[in-house]
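Work through the exercises below with the coordinates open. Each task is followed by a stepwise solution.

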Amino acid sequence: MLELLALHPVIDNSWINFDVPSLIQNFWGATFDGLTFGAIYGLIAVGYTLVYGVLNLINFAHSEVFIVGAYGVVITLTSLGFGPSIPNLSLAAIIGDILLALLVGMVASAVTAFLLERIAYRPLRRRNAPRLAFLITAIGASFAIQSLIFVIRGANAEPAVTMFKPVAVFDVFGTIINSQSIIIVLAAVILMVVTDMFIRRTRTGRGIRAVAQDPDTATLMGVNKERIIVITFVLGGILAGAAALFYVMLVPSGVIYTGGFVLGIKAFAAAVLGGIGNVRGALLGGLLLGLIGNYGQILLGDSQWTDVIAFVVLVLVLLVKPTGILGTSLGRSRA
């Protein structure tokens, strides 16, 4: 019997730990942390959902659009004297510098998205290339941008940048909610609302919805399809640049040339979860993905489970409702 036990050792399942009391104890902290990360996922997810809604293209290089914006934010703040410790500046000066970094991040991501569309995707559209060619090009462009960043900035992560010291704002059942989380969530929601109103109530937004619904008919009706496509990429890049600032705010030392990959995959999952092609679904999917990941890592006692749980839930949702939670495509959204 001992020999059999030696040949077939008992399986150690200590790496799986359903710690329900810990989840209950840390519920509110996990909730607000999940919403904070989820807001960032949602902003990045809009880039995926807009491009898919208009072109039926999964732009896997959008993760690099985001990370270029993050580099723009870090380089700007570093040049303004920010570092691991908070600079000795007035509150007005700090706010002004952060807004400048936000602008630089948005511009950097928007320009990257514009060049990506012009260099990688437009030649394929003119040749009526098959969808597989677009997908392969997106993956290739992603690796190309990563390699370019590696050559320019190196393999090491950028130095930590601390913008301000988070201040406790209010208490929820013993959990302190700080100013950083509130700023990120509120700013993300405001940006998403503005984007949604832009798409639903402006002339350009109607053009985006028209091209998403029927590009040929939209062209016959006088809509400049190429212009709309460029605007779609740039708009997604602007929101990715804003997400880059919030990401640096939340993870001061997290900017590295490969850093966009995991966040990009999560943002894509958020877009699919909420309903690919649905702007409101992108935010909803991002917030849900952030919550699910945080709850899961506490329940199972290991942060490495965060991504696994999020994607398992995504698969389960798609099995029940393949169009995602909201499901309405960009072309069928109403003003």
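Two rings of Phe, Tyr or Trp (its six-membered ring) form a pair if their centres lie within 6.5 Å. Planes under 30 degrees apart make the pair stacked, over 60 edge-to-face, and the rest tilted. The model used here is predicted.

**Exercise 1. Find the aromatic pairs and classify the one formed by F27 and Y295.**

Step 1. Searching the whole structure gives 8 aromatic pairs.
Step 2. Take F27 and Y295: the ring centres are 5.3 Å apart and the planes meet at 15 degrees, so this pair is stacked.
Step 3. F27 sits in helix α3 (residues 27–55) and Y295 in helix α12 (residues 279–300). The pair links distant parts of the chain, 268 residues apart.
Step 4. Check the accessibility. F27 has 32% relative accessibility and counts as partly exposed. Y295, at 22%, also counts as partly exposed.
Step 5. Ring pairs join F27, W28 and Y295 into a cluster.

**Exercise 2. Classify the pair of F150 and Y257, and say which parts of the chain it ties together.**

Step 1. The centre-to-centre distance is 5.2 Å, with 55 degrees between the planes. The pair is tilted.
Step 2. F150 belongs to helix α6 (residues 131–153). Y257 lies in the loop between α10 (225–250) and α11 (260–274). The two are 107 residues apart in sequence, so the pair ties together separate parts of the chain.
Step 3. F150 is partly exposed, with a relative accessibility of 38%.

**Exercise 3. Is I145 buried or exposed, and which residues is it in contact with?**

Step 1. I145 is in helix α6.
Step 2. Its relative accessibility is 15%. The cut-off for buried is under 20%, so I145 counts as buried.
Step 3. Set aside neighbours within four places in sequence. I145 is then in contact with E64, V68, T112 and L116.
Step 4. Now take S63, 82 residues from I145 along the chain. Their C-alpha atoms are separated by 9.9 Å.

**Exercise 4. Compare the radius of gyration with that of a compact globule, then describe the whole protein.**

Step 1. For 335 residues, a compact globule would have a radius near 20 Å. The protein has 21 Å, which agrees.
Step 2. The C-alpha trace spans about 75 × 60 × 40 Å along its principal axes.
Step 3. Count the elements: 13 helices and 2 strands.
Step 4. Buried residues make up 47% of the 335.
Step 5. Consider contacts between residues at least 6 apart in sequence. Of these, 79% join residues at least 24 apart.

Technical notes
Residues are numbered from 1 along each chain as its sequence is written. This is a predicted model: local features need pLDDT of at least 70, side-chain atom pairs count only at pLDDT 80 or more; totals for chains, interfaces and linings use all residues. Side-chain values use heavy atoms; hydrogens and water are left out. Helices (H or I, at least four residues) and strands (E, at least two) are DSSP runs, numbered from the N terminus. Buried means under 20% relative accessible area, exposed over 50%, partly exposed in between (1.4 Å probe, protein chains only). Contact means heavy atoms within 4.5 Å. The radius of gyration is taken over C-alpha atoms; the globule rule is 2.2 Å times the number of residues to the power 0.38.
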